[in-house]
Amino acid sequence: MRQDRHELSISTRGRGLYDFTDQARHWVSASAVSDGLLTLFIRHTSASLLVQENYDPEVQRDLERFFARLVRDGDPMFEHTSEGSDDMPAHVRAALTQTSVSIPVVDRRLALGTWQGVYLYEHRTSGHHRRVLLHLIGD
Amino acid sequence: MRQDRHELSISTRGRGLYDFTDQARHWVSASAVSDGLLTLFIRHTSASLLVQENYDPEVQRDLERFFARLVRDGDPMFEHTSEGSDDMPAHVRAALTQTSVSIPVVDRRLALGTWQGVYLYEHRTSGHHRRVLLHLIGD
Amino acid sequence: MRQDRHELSISTRGRGLYDFTDQARHWVSASAVSDGLLTLFIRHTSASLLVQENYDPEVQRDLERFFARLVRDGDPMFEHTSEGSDDMPAHVRAALTQTSVSIPVVDRRLALGTWQGVYLYEHRTSGHHRRVLLHLIGD
């Protein structure tokens, strides 16, 4: 039994879903661990993680439309406005999605379903440099 | 330290919560790992996982009513409609709930609270065959 | 490779976010495992877990305001009312947030981002004694 760890840096260009399945897959395939569990952890509270459909880009745009309507920028209910009208909505969106996701690894491959991709969900309107920790444990 | 892995097949009959606590419990009880961590991972993006109350079936029906109102089938905002009016809502519901859940295991038993059950949440209106990966690591 | 486990008891005084980062941090720092993965699991379905901003307390109040508006106490749609008008909303809020969260551990420290804290989110209006399991695995 052994473990491995890596930090990915992902640059975003504002709100939306950023597929980083290939980066995760590439790191896992080169690891000494061939079977085990991969855990992804995002070190931010205004961006989050999501496993979602990777086939039709409409799905990602519809998801974003849904969240934009559910959590309105500049909603007068929010008092935390010092960092911009999109900052508190970003925290709410992060709360509604995931900070960590764990995925089994089989034969150095992520055991994702056929249509599953791994996404960073940027909730701020401006671009950011985001850090995602990858932790792999197994044999 | 050792690990074990298993894939559950769960057939659904359309939208709603399907309790698979007993299947997970049964597999864990027969494993060589007696203390550790169980991770559940669902290999789909239109069904998801949830740990919820298992005592009163009204809770599950109320949950479904809430999600059906929050994410309307056929909402004209959605452009991804080629797979049916319930498909994009299914992806949104999955994003709002869980793709993976980890539960400590003590003495070959899931360390669930008294009223907790483990559910697959089917978000499509028609029945599907769903696959959930179980990964157990420990001593 | 080794593992460690601990149960935290957290007393709440009704709805809101309760920061228990220091308790988790303290237990991790004293463990024999210095590098690995910490998993938090809450043994309840009317309280949940959240990694959120720990800098400005307005964020936590705004989060609560958002959830209170999204899931109304006493909503006539809910049939599960025998345990009070805040009970079913509590289950819905728990479904929308997290039951388990996993955080990498590096040099006996949680690898949280600068502004991240670990919270128990109490969804009932009255105080409760909540139990959170901590599971740590690594070297």
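The model is predicted: local features need pLDDT of at least 70, side-chain atom pairs count only at pLDDT 80 or more, and totals for chains, interfaces and linings use all residues. Residues are numbered from 1 along each chain as its sequence is written, chains are lettered from A in the order in which they are written, and side-chain values use heavy atoms, with hydrogens and water left out.

I then followed the strands (DSSP runs of E, at least two residues, numbered from the N terminus). Between β4(C) and β7(C), which run antiparallel, I found 7 bridges; two strands pair if DSSP finds at least two bridges between them. The open sheet of chain C has 3 strands in the order β2-β7-β4, with antiparallel pairing. β2 (16-19) and β4 (47-53) of chain C each have a single partner strand, so one side of each is left without a neighbour in the sheet.

Next I turned to chains A and B. Their contact (heavy atoms within 4.5 Å) takes 36 residues from chain A and 32 residues from chain B. The buried area (accessible area, 1.4 Å probe, that two parts lose on being put together, summed over both) is about 2800 Å², and carbon and sulfur atoms give 59% of it. On the side of chain A, M1(A), D62(A) and F66(A) lose the most area to chain B, together 19% of what that side buries.

I counted 3 salt bridges between these chains (a side-chain nitrogen of Lys or Arg within 4 Å of a carboxyl oxygen of Asp or Glu). R5(B) and D35(A) meet in a salt bridge at 3.2 Å, N to O.

Key
Helices (H or I, at least four residues) and strands (E, at least two) are DSSP runs, numbered from the N terminus.
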